[in-house]
Amino acid sequence: MQAAAATVKKDEKSEAMCKELKNTLLQFEAERRKNAETMNSICRIYDEIEEDPRKAILQTHKLSSKHDKARKDIEREINLVKKALELIQEQHKYQYLTVASKKGEKSMRAKGKAALMSQILQNGISLPLWIGKSTELPPPLCGAIPADPDYVAKIGDMVAALATVSPENENSENEENENNWILAEVTGYDEIKQEYKVDDIDK
């Protein structure tokens with residue numbers, strides 16, 4: 001009964017997030033349509049001015065007001081898009097943690113490489129999208145922007161890790177095996193050594 005109750009609770013949380021996302025997208029569509037009407041109105045005014053340049057002075061105040069309204073509408077659109085992307089990312093993390101909690105280490109190890117690559121592809125497609133203003137610089141870890149010097153990856157993060165040999169294998173003659181890039185999941189961080197502990201998910 002406890003397991004069933006927990007499942008229902010998780011499903012309710014997921015459903016609530018989906019409803020919030022749906023409402024956000026509906027709000028965005030309403031704002032988009034409203035802004036489209038404003039933009040069409042601006043275009044009509046410019047068409048009138050082009051036909052009769054003498055109307056330019058008379059339409060100056062009206063154009064200024066319309067442009068201000070359009071900018072505010074666009075800002076609301078952008079905020080709603082950002083909110084929707086945050087909700088999608090939150091839902092993605094929740095689903096990942098829910099699925100991961102149902103799987104043991106053996107089942108993760110038994111996953112075929114094709115299935116693993118497919119999962120990585122899906123995770124890549126659903127990465128959060130940064131949307132900034134023209135005056136904003138991209139944040140760390142966005143595209144090719146490096147992380148802050150004091151940044152520490154969180155446990156559970158999927159990373160490309162440069163793995164080094166453990167002390168018992170340091171006398172290995174095969175230098176190629178001493179350093180190797182792997183797909184891994186962060187399992188811990190040693191602040192003293194400033195080294196990560198990772199789990200090779202492609203092993």
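In the strand pairing of this structure, D190 stands opposite E195 in strand β3. The structure is a predicted model, in which local features were considered at a pLDDT of at least 70 and side-chain atom pairs at pLDDT 80 or more, whereas totals for chains, interfaces and linings use all residues. Residues are numbered from 1 along each chain as its sequence is written, and side-chain values rest on heavy atoms, with hydrogens and water left out.

Strands β2 (residues 179-190) and β3 (residues 195-200) run antiparallel and are joined by 6 bridges, where two strands are taken to pair if DSSP finds at least two bridges between them. The numbering of these elements runs from the N terminus and follows DSSP runs, a helix being a run of H or I with at least four residues and a strand a run of E with at least two. Together β2 and β3 form a hairpin with 4 residues between them. Within the loop between β2 and β3 lies Q194, whose phi is near 55°, a positive value in a residue other than glycine. With a relative accessible area of 60%, Q194 is exposed; on this scale buried means under 20% relative accessible area, exposed means over 50%, and partly exposed lies in between, as computed with a 1.4 Å probe and protein chains only. Strand β2 is also paired with β1, the two running antiparallel and being joined by 7 bridges, and in this pairing L162 stands opposite W181 in β2.

A patch of another kind, negative in charge, is formed by D47, E48, E50 and E51. For this assignment Asp and Glu count as negative and Lys and Arg as positive, while His and the chain ends are not counted; the place of a charge is taken as NZ of Lys, CZ of Arg, CG of Asp or CD of Glu. E51 belongs to helix α1 (residues 2-51) and is exposed, its relative accessible area being 71%. Helix α1 also contains C18, which is partly exposed at a relative accessible area of 40%. Although C18 and L87 are 69 residues apart in sequence, their C-alpha atoms are 8.3 Å apart in space.

Side chains of opposite charge can pair when their charged atoms come close. With a salt bridge defined as a side-chain nitrogen of Lys or Arg within 4 Å of a carboxyl oxygen of Asp or Glu, the count comes to 10 salt bridges. One of these links R54 to D52, with the closest N and O atoms 3.0 Å apart, and R54 is exposed, with a relative accessible area of 69%.

K69 forms a salt bridge with D73 in which the closest N and O atoms are 3.2 Å apart; because K69 and D73 are 4 residues apart in helix α2 (residues 55-101), they are separated by about one helical turn. R76 also meets D73 in a salt bridge, at 2.2 Å from N to O, and since R76 and D73 are 3 residues apart in helix α2, about one helical turn separates this pair as well. Salt bridges that share partners join E31, K34, K69, D73 and R76 into one network.

Conventions:
Patch = residues over 30% accessible without salt bridge, like charges linked within 9 Å, V, L, I, M, F, W, Y side chains within 5 Å. Areas by Shrake-Rupley, 256 points an atom, 1.4 Å probe, with all protein chains shown as cover.
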